[in-house]
Amino acid sequence: LVPNASAAVVEGLLKFAERFQIAAASTVTSSPASSSSSSSPAPTSSEKSVGGGGVGVGGMLSPAAAAVAAASAQQDPQLSLRQLVRLTRALSEYPADAFSRVSQTCMSDFMPMGVREAFQNSYHGTDLGSIAGPTADGKRAVAAAPTVRDNWVHADGVRVPVAAAVKAPELVPHVLFYETPAHNAALTAMLKDLAMGERGILLIGNQGTGKNKLADRLLELLNLEREYMQLH
């Protein structure tokens, strides 16, 4: 499913998935906080982050959505085949992003404390940390702003080609964009997904969190048209 996949990555992810499923199930079973009357605490500001993810951008979920995500993680922490394939592709391409990629796929920032501890113990109980190298401690490095050089968009060692010509140049966004560490990290993650061949990127978040701004900035960098589709 993933050509040229690293055997160490595949083995590490499978070991992590097995460990996490067992550990999380044990934590939920033994914890009184798993009763139906309990509620998952909303993440604090220090727990919110934006980083590399193939499905969405972490830290943009509302407290209600975070509670749903945490409840889902409690009920079924098992990674799907699609998630494992995407993680295998991402970690084989970008091993330094291992912890952030796995963390955001599992939405660990929004897990209850006990399940989050089970996640971290399961991750560090595998060889994924050694694959990632010195960034495997969970700290997200500050991403530099993507730049355009020689008709390529460059970001954190990857590059994506800028469209040479478009049918409707008036639809290419030109936005007033203020670079922040969070926005730079999100754009870098999106560019990495595109460089891996992903054809769609989903940004989830409340109104005003910057989803349109990020999408417009990405299209501006790539010189691509913007089209709106409203789904109900």
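Trainee: How many bridges join β1 to strand β2 (residues 152–155)?

Mentor: The model is predicted: local features need pLDDT of at least 70, side-chain atom pairs count only at pLDDT 80 or more, and totals for chains, interfaces and linings use all residues. Residues are numbered from 1 along each chain as its sequence is written, and side-chain values use heavy atoms, without hydrogens and water. β1 and β2 (strands are DSSP runs of E, at least two residues; two strands pair if DSSP finds at least two bridges between them) run antiparallel. The number of bridges joining them is three.

Trainee: Which are the edge strands of the open sheet?

Mentor: The sheet has the order β1-β2-β3, with antiparallel pairing. Each edge strand pairs on one side only. The edge strands are therefore β1 (147–149) and β3 (158–161).

Trainee: Which strands of the sheet does α7 touch?

Mentor: The direction of α7 makes about 70° with that of β3 (angles run from 0 to 180 degrees between N-to-C directions, with axes fitted to C-alpha atoms, for helices over the stretch in contact). By contact (heavy atoms within 4.5 Å), α7 packs on β2 and β3.

Terms used: Helix = DSSP H or I, 4+ residues; strand = E, 2+ residues; numbered from the N terminus.
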